[in-house]
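Me: I have just opened a model that is new to me. Could you walk me through it, one topic at a time?

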Amino acid sequence: MLVNMNEVLLPAKKNKYAAGLFNSVNLEMARGIIEAAEILRSPVIMRTADV
């Protein structure tokens with residue numbers, strides 16, 4: 001699910017947990033990041049990395 005950064009960072013700050021930022025250089029890595037986040041039901045921040 002795509003959300004605004006405030007929807008990720010404000011609850012993290014309030015409840016004292018981290019939201020990881022992961023760089024993806026290809027589609028396979030992006031899918032892996034998303035799959036892991038879904039399995040763990042954990043928010044992530046994802047960006048594309050320059051190669």
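**Starting from one serine**

Reply: Ser24 is buried, having a relative accessible area of 5%, where buried means under 20%, exposed means over 50% and partly exposed is in between, with a 1.4 Å probe and protein chains only. This is a predicted model, in which local features need pLDDT of at least 70 and side-chain atom pairs count only at pLDDT 80 or more, while totals for chains, interfaces and linings use all residues. Residues are numbered from 1 along each chain as its sequence is written, and side-chain values use heavy atoms, with hydrogens and water left out.

Me: Where is Ser24 placed, then?

Reply: Ser24 is in strand 1, which covers residues 20–24; helices (H or I, at least four residues) and strands (E, at least two) are DSSP runs, numbered from the N terminus.

Me: And what is Ser24 in contact with, leaving aside its neighbours within four places in sequence?

Reply: With those neighbours left out, Ser24 is in contact with Met29, Ala30, Ile33, Arg47, Thr48 and Ala49, contact meaning heavy atoms within 4.5 Å.

Me: Zooming out, how many helices and strands does the protein chain have?

Reply: The protein chain has 2 helices and 2 strands, and from the N terminus on these elements run α-β-α-β. The C-alpha trace spans about 35 × 25 × 15 Å along its principal axes, and of the 51 residues in the protein chain, buried ones make up 16%.

Me: Among contacts with a separation of 6 or more, what share comes from residues 24 or more positions apart?

Reply: Residues 24 or more positions apart account for 54% of those contacts in the protein chain.

Me: Changing topic: how much space lies in the largest pocket?

Reply: The largest pocket holds about 540 Å³ of space. On a 1 Å grid over the protein atoms alone, a pocket is an open set of points where a 1.4 Å probe fits, with protein on both sides within 12 Å along at least five of seven lines, and lining residues have an atom within 4 Å of a point. The volume is the space filled by probe spheres set on the points, which are joined across faces, edges and corners.

Me: Which residues lie nearest its centre, and which element gives the most to the lining?

Reply: Of the 16 residues that line the largest pocket, Met1, Leu2, Val3, Pro43 and Val44 lie nearest its centre. Helix 1 gives the most to the lining, with 4 residues, and helix 1 (5–15), helix 2 (27–40) and strand 2 (44–48) each supply at least two.

Me: Is Leu2 buried or exposed?

Reply: Leu2, in the segment before helix 1, is exposed, with a relative accessible area of 84%. Its C-alpha atom is separated by 15 Å from that of Gly20, 18 residues along the chain.

Me: Last topic: what is phi of Lys16, and what is phi of Arg41?

Reply: Phi of Lys16 is near 60° and phi of Arg41 is near 50°, each a positive value in a residue other than glycine. Most residues other than glycine have a negative phi.

Me: And where do Lys16 and Arg41 lie?

Reply: Lys16 lies in the loop between helix 1 and strand 1 and is exposed, at 77% relative accessible area. Arg41 is found in the loop between helix 2 and strand 2 and counts as exposed at 77% relative accessibility.
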